[in-house]
Every structure is written in structure tokens, then in C-alpha cells.
Amino acid sequence: ALSQLKGHFSNELSLLREKLLKMTSLLELELDFSDHEELEFADRSELQALAEEINHKITTLAHSFETGNALKQGVAVAIVGKTNVGKSTLLNRLLHEEKAIVSDIHGTTRDVIEDTTLIDGITFRFIDTAGIRKTDDVVENIGIERTFQKMEEAKIVIWLLDEQPSASEIEEMKLKNQGKKLLVVFNKMDKLENDKLAFDKFTHSCGSDSSESEASEGESPLFISARTGENVSSLEQALVRAADIPEITENDVIITS
């Protein structure tokens, strides 16, 4: 905000405009005198260098919006999984308030619930979604459809599990979240603390194929208890790493709108 108040962004745009005007004026001169082949007003390599410089600057500014939007709106994190795996309990735990209704009844969450919180100075926008399952309930199906929409929008997806997923489920989740950060989280470790076999099975089923999407790189499956809060701090640190927000100084130009 301070950087924009000082006019850093508008200065960048003014410089870009000057360079573009210089380029167009040189081209227009050549077009005006195109019948005089012996006249050349602009060095071709200079024009090429100028075009590349302008393109690089515009690309850098455009890419800065991802960071700017994360700072302004929060890093979007979708919590997905089957019904009754503890998604709403995890949301409440991360937000430190009872935002979502928690119940043992399948399909309690029928619509998307969103709220933001700060972790290590980064704003995260958590999205609790309807549990994915086959159902004849029209309203619940609408909620499940919205779950998939929110997965598209999110930068990070927390895949919450309470049992070992099948190979087809793993492949489907990877496919749907290519290019995103996918955090695989086993919940209810307070009930299954002796059942560490799931961890080995999951790691083995993921394999170490280098063709895997960026989604699952760098993070091993986590074991937490959303109910007791056990190991949730490890999940929070994994979220900070996945957000990958660069260090920003006052002189950096970041587009936020």
C-alpha cells in the first residue's frame, strides 16, 4: 500500500508508456518514408531489444498479481474429502472459532463456508466444502458441484482422509489438482495412533515418479487430529511453505487489483 501511495506502480506504467511511444514513433517514421528504401530510422536490433524489455516488464507486472491478490484476498485453500472425515472440524481448528457445524451425520456441510486467518503473517482464505460422495439429495449434489469449483479456484488443496485411499482415488485427485499444491492429510490420528501402516502404504502408492504434478512435490502426507489439535501446527507450516509468498520490500511493485 505504501509503495502504491508513493507512486511506484504509476511510475512503472509511465516508463512503459514512454518506451512504447518511442517504439511506435520509430515504426511510424519508417512507414511514412517507406518509399525511400535508403532511409532507416531505427536499428532493428535496438527495436528487438526494446520489444523484449517491454515484454519482460509487462510479464513481471502481470505475474505479480498472484502475490498481490494473495496479500489482499488471502491464499485460497480448499479443504476437500469424503463426508465425515473432519473437514469442518479442521476448518474450526484453523480459524480458532466454531465457524462450521460439526456433526456425525453424513452430508452436514451442503454449501461452501469461507473465512480468513493469519498464519506467520500470511492471510489464508480457508474454504470448507461439501463432502464428496454419491447421493440422490439434490441440495447436497449442488454442494458437491461447488466443491469441485472451489478446487479449481484454490492455490492449495488439503485432501483430508481418515483411511487409505484407493489407487484410482489418488490418480483422480492428482489429475484434478495439476499445477496446484496438494497437501495430503490423514485425520483422526488420536484414534489411529498405532496404525502408521497407512503412511507407508500411501507413500508407496504415490511413488517417486518425476512426472508427478507439482501438486504433491516436496510434502509428505501429514497425520493430524483436528479434534484435539495434535500436529495441526505442522499442517500450518506446510501451508506457509505451499503458499510460497516471496519476501516483499517497500520498493517492489506488486499489482493488487
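Counting salt bridges (a side-chain nitrogen of Lys or Arg within 4 Å of a carboxyl oxygen of Asp or Glu) gives eight in this predicted model. Residues are numbered from 1 along each chain as its sequence is written. In this predicted model, local features need pLDDT of at least 70 and side-chain atom pairs count only at pLDDT 80 or more, while totals for chains, interfaces and linings use all residues; side-chain values use heavy atoms, with hydrogens and water left out.

One of the salt bridges joins Lys-155 and Glu-66 (3.6 Å, N to O). Lys-155 sits in the loop between helix H5 (138-153) and S4, and Glu-66 in helix H3 (residues 44-73), so the pair ties together parts 89 residues apart in sequence. Helices (H or I, at least four residues) and strands (E, at least two) are DSSP runs, numbered from the N terminus. Another salt bridge pairs Glu-163 with Lys-82 (3.8 Å, N to O). Here the loop between S4 and helix H6 (167-176) is tied to the loop between S1 and H4, so the link spans 81 residues in sequence. Lys-82 and Glu-163 also belong to a salt-bridge network with Glu-169.

As for the sheet, six strands form an open, mixed arrangement in the order S2-S3-S1-S4-S5-S6; pairing takes at least two DSSP bridges between two strands. S4 (residues 156-161) and S5 (residues 181-186) run parallel over six bridges, with Val-157 opposite Leu-182.

After H4 comes His-96, with a positive phi near 60°.
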